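Hello,

Here is the structure I promised to pass on to you. Please open it and keep it beside this email as you read.

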Amino acid sequence: MSNLFLNIIDTYPEFSVLFDKHQEIRDETISNWGEIQVKDFTSQQEESIRVKKEGFPVTISSIIDASDSDLKSRGWHLAVITQDGHPNPYNLKILPKLSSLMLSFGPKITSSAINFLSPNASLDWHTDVGYSNLDEIRNMWVIDAPEEEGRSSTFQMRGDNGHPFESKTVRNNELYSFKHSTWHRVENNLSKFRTVLIFDVIT
């Protein structure tokens, strides 16, 4: 087993509360699906990865400029929950339980957002840039990845030269932690959206 996937719970045991809150947060997200403020970053992500092999750096200005998403089109969509300790005012009203949960962890979380990956969408191999200049671990908590026979959503990581390599089937209420600089790719072959919470934690 490689060290590509990290265990944030070893450093911050308080994040284990996520596992207890999963059903509550999943219900809130799904019941408010059409009301969440979501932005479509599909073209930005695909272009950045194609040209730079890096994920698109989502910033406040790029969020403002991005097109609104109705979660009916293919691609990579993002709903900001918190940024630098402040909630997204709109999504705070729509998703108060999730917003409060993220704010409860204090300044150790630099940003949090729900990522919606549509059916038959993927992001090719890339690294990411953190949202701050601090040493951070990126975390992906699975809110909803429906179980479908013969279909799955995957999350893969590899070393700089292709090895080591690890692939995981994305499952509900699992937490995947990794460094921004680790090469990774995601793919959703489900018939429905794969919905995860992405949040960065200062280490």
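This is a predicted model: local features need pLDDT of at least 70, side-chain atom pairs count only at pLDDT 80 or more; totals for chains, interfaces and linings use all residues.

Below is what I found in it, from the whole chain down to one residue.

Residues are numbered from 1 along each chain as its sequence is written, and side-chain values use heavy atoms, leaving out hydrogens and water.

**The whole chain**

The protein chain has six helices and 12 strands; these are DSSP runs numbered from the N terminus, with helices (H or I) of at least four residues and strands (E) of at least two. Of the 203 residues, 51% count as buried, where buried means under 20% relative accessible area, exposed over 50% and partly exposed in between (1.4 Å probe, protein chains only).

**The cores**

Nonpolar side chains tend to be buried together in soluble globular proteins. Here the largest nonpolar core has 27 residues, and Met102, Ile114, Leu197 and Phe199 have the most contacts inside it. A nonpolar core is a set of buried Ala, Val, Leu, Ile, Met, Phe, Trp, Tyr and Cys residues joined through side-chain atoms within 4.5 Å. A second, separate core has 25 residues, including Phe41 and Val196. Beyond its neighbours within four places in sequence, Met102 is in contact (heavy atoms within 4.5 Å) with residues including Leu18, Ile81, Leu197 and Phe199.

**A four-strand sheet**

Now look for an open sheet with the strand order S6-S11-S8-S9 and antiparallel pairing. Two strands pair if DSSP finds at least two bridges between them. Strands S6 (121-126) and S9 (165-169) are the edges, each pairing on one side only. S6 and S11 (residues 183-188) are antiparallel over four bridges, and Leu123 stands opposite Val186 in S11.

Trp125 lies in strand S6. Is Trp125 buried or exposed? Trp125 counts as buried because its relative accessibility is 18%. Trp125 and Arg185 are 60 residues apart in sequence, yet 4.7 Å apart in space, C-alpha to C-alpha. Not counting residues up to four places away in sequence, Trp125 touches Arg185 and others, among them Ile49, Phe165 and Trp183.

Enjoy exploring!
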